[in-house]
Amino acid sequence: VQLQASGGGLVQPGGSLRLSCAASGSIFSINHMGWYRQAPGKQRELVATVTSGGITNYADSVKGRFTISSGNAKNTVDLQMNSLKPEDTAVYYCNAFVRPTGWNIHNNYWGQGTLVTVSS
């Protein structure tokens, strides 16, 4: 199972970015997908998750500004980030809780990370 993230970059405060992530490989099912981030010198933290049933969860710091959704393609997830702040600067990691084909359990998988920089 591989996760491919895209969409990071440099944006001014107040701007918007959209991150996308696609899971591929021998996937039987996905319980949930989401995004985490890690700023320099800080621990990785939850940003947002969405379950296969569409239930979402957000960190308090991004509520009302970020929106997570399942993508139009199967096994994809998008993160729309609006009203970005300098403190949103971090490497953003896609995450998926996947049951691979032929397995009886789910495993946690991570993408390679994409850098989001919010600066004027």
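Predicted model: local features only at pLDDT ≥ 70, side-chain atom pairs only at ≥ 80, totals over all residues.
Colleague: OK. What volume does the largest pocket have?

Modeller: About 160 Å³.

Colleague: Which strands supply at least two residues each of its lining?

Modeller: Strands β4, β5 (45–51) and β8 (76–81) do. The largest share is from β4, with three residues.

Colleague: And how does the lining split by class?

Modeller: Seven residues are polar, five are nonpolar and one is charged.

Colleague: Let's switch to Arg37. Where is it?

Modeller: Arg37 sits in strand β4, which covers residues 27–38.

Colleague: Is Arg37 buried or exposed?

Modeller: Buried. Its relative accessibility is 6%, and the cut-off for buried is under 20%.

Colleague: Which side chains make polar contacts with the side chain of Arg37?

Modeller: Two to note. The side chain of Glu45 is at 2.7 Å. The side chain of Ser61 is at 3.4 Å.

Colleague: What else does Arg37 touch, leaving out residues up to four places away in sequence?

Modeller: The list includes Gln43, Arg44, Val47, Val62 and Phe66. Glu87, Asp88, Ala90, Val91 and Tyr92 are also among the residues touched by Arg37.

Colleague: Arg44 came up there. Where is that one?

Modeller: Arg44 is in the loop between β4 and β5.

Colleague: How accessible is Arg44?

Modeller: Partly exposed, because its relative accessible area is 36% and that class runs between 20% and 50%.

Colleague: Which residues does Arg44 touch, beyond four places in sequence?

Modeller: Tyr36, Arg37, Gln38, Tyr93 and Trp110.

Colleague: How far apart are Arg44 and Val91?

Modeller: In sequence, 47 residues. In space, 9.0 Å, C-alpha to C-alpha.

Colleague: One more arginine. Where does Arg65 sit?

Modeller: In the loop between β6 (56–58) and β7 (66–70). Arg65 counts as buried because its relative accessible area is 10%.

Colleague: Which backbone oxygens lie by the side chain of Arg65?

Modeller: The backbone oxygen of Ser61 is 2.8 Å from a polar atom of that side chain. The Arg65 side chain also reaches the backbone oxygen of Ser83, at 2.9 Å. Note that Ser61 turns up with Arg37 too, through a side-chain polar contact.

Colleague: What is Arg65 in contact with, aside from neighbours within four places?

Modeller: Gln80, Met81, Asn82, Ser83, Leu84, Lys85 and Asp88. Asp88 is also touched by Arg37.

Colleague: New topic: β11. Which of its side chains are buried?

Modeller: In β11 (residues 114–118), Thr114, Val116 and Val118 point to one face and are buried.

Colleague: Which way do β2 and β11 run, parallel or antiparallel?

Modeller: Parallel. Three bridges join β2 (residues 9–11) to β11. Leu10 has Thr117 as its bridge partner.

Colleague: And β9 with β11, parallel or antiparallel?

Modeller: Antiparallel, again with three bridges; β9 covers residues 90–100. Ala90 has Val116 as its partner in β11. Ala90 is also one of the residues that Arg37 touches.

Conventions: Residues numbered from 1 in each chain as written. Heavy atoms only, no water. Helix = DSSP H or I, 4+ residues; strand = E, 2+ residues; numbered from the N terminus. Buried < 20%, exposed > 50% of the residue type's maximum accessible area, 1.4 Å probe, protein only. Polar contact = N/O pair within 3.5 Å; in protein donor to acceptor, adjacent residues only side chain to side chain. Contact = heavy atoms within 4.5 Å. Pairing = 2+ DSSP bridges. 1 Å grid on protein atoms, 1.4 Å probe; cavity = no way out; pocket = protein on both sides within 12 Å on 5 of 7 lines; lining within 4 Å. Points joined across faces, edges and corners; volume = space filled by probe spheres on them. Nonpolar A, V, L, I, M, F, W, Y, C, P; charged D, E, K, R; others polar.
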